[in-house]
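Here is a friendly walk through the model shown below, with an eye on charged side chains and helices. Please keep the viewer open as you read.

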Amino acid sequence: AVRCRERVGQGFAPRSVVEETETSLEVLRKLSLEAFPGLKSLRAHLHVTRAHALLEMECWTQAKEEAEAALECDASFKEA
């Protein structure tokens, strides 16, 4: 997640970041929220990173959906 966020911040390959974060989210969806404390926050972080990349690509609706998904994962995640 951190690597993806850095790539977006530096303007590198937002499409690649979107793909990498989706792959990460697919894996994390299989994990139990009860077994892994902090997983909600990690998912929120990935959704926000994905939203940033989508904003770079001017995909406004998708970016908004990702920000909303981040809030669903962790309502206290201020960046969303």
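## Salt bridges and the helices they join

The count of salt bridges in this predicted model comes to four. As a reminder of the general idea, side chains of opposite charge can pair when their charged atoms come close.

| Pair | N to O distance |
|---|---|
| Arg50 and Glu22 | 3.7 Å |
| Glu66 and Arg50 | 3.0 Å |
| Lys64 and Glu68 | 4.0 Å |

Glu22 is partly exposed at 22% relative accessibility.

Lys64 is exposed, with a relative accessible area of 54%, while Glu68 is partly exposed at 38%.

Which residues are linked in a network of salt bridges? They are Glu22, Arg29, Arg50 and Glu66. Arg29 lies in helix α2 and is partly exposed at 47% relative accessibility. Leaving aside residues up to four places away in sequence, Arg29 touches Glu22, Arg43 and His47. The C-alpha atoms of Arg29 and Leu39 are separated by 9.5 Å, and these two residues are 10 apart along the chain.

## The helices

The secondary structure comes to four helices and zero strands, and the elements run α-α-α-α from the N terminus on.

Helix α2 (residues 14–29) has 16 residues. From its first C-alpha to its last, α2 reaches 22 Å, close to the 22 Å expected at 1.5 Å a residue. The buried residues of α2 are Pro14, Ser16, Val17, Val18, Thr21, Leu25 and Leu28.

Helix α3 has 18 residues, which should span 26 Å at 1.5 Å a residue; its end C-alpha atoms are 26 Å apart, which agrees. The buried residues in α3 include Leu39, Ala44, Leu46, Val48, Ala51, Ala53 and Leu54. Among the other buried residues of α3 are Arg43 and His47, both of which are touched by Arg29. Just after α3, Glu58 takes a positive phi of about 60 degrees.

## The cysteines

How many disulfides does a search of the whole structure find? The search finds zero disulfides. For orientation, a disulfide is a covalent bond between the sulfur atoms of two cysteines. Cys59 is partly exposed at 21% relative accessibility, whereas Cys73 is buried, with a relative accessible area of 18%.

## The chain as a whole, and its confidence

Buried residues make up 36% of the 80 residues in the chain. The accessible surface comes to about 5,100 Å², and 54% of this area belongs to carbon and sulfur atoms. Among the contacts with a separation of 6 or more, residues 24 or more positions apart account for 52%.

The mean pLDDT of the chain is 86, and 85% of the residues reach 70 or more. Which of the elements has the lowest mean pLDDT, and which the highest? Helix α1 (residues 2–9) has the lowest, at 65, and helix α4 (residues 60–73) the highest, at 95. In general, where pLDDT is low, the predicted coordinates should not be read in detail.

Notes:
Residues numbered from 1 in each chain as written. Heavy atoms only, no water. Helix = DSSP H or I, 4+ residues; strand = E, 2+ residues; numbered from the N terminus. Expected span 1.5 Å × (residues − 1). Buried < 20%, exposed > 50% of the residue type's maximum accessible area, 1.4 Å probe, protein only. pLDDT = per-residue confidence, 0-100. Salt bridge = Lys/Arg side-chain N within 4 Å of Asp/Glu carboxyl O. Disulfide = S-S within 2.5 Å. Contact = heavy atoms within 4.5 Å. Areas by Shrake-Rupley, 256 points an atom, 1.4 Å probe, with all protein chains shown as cover.
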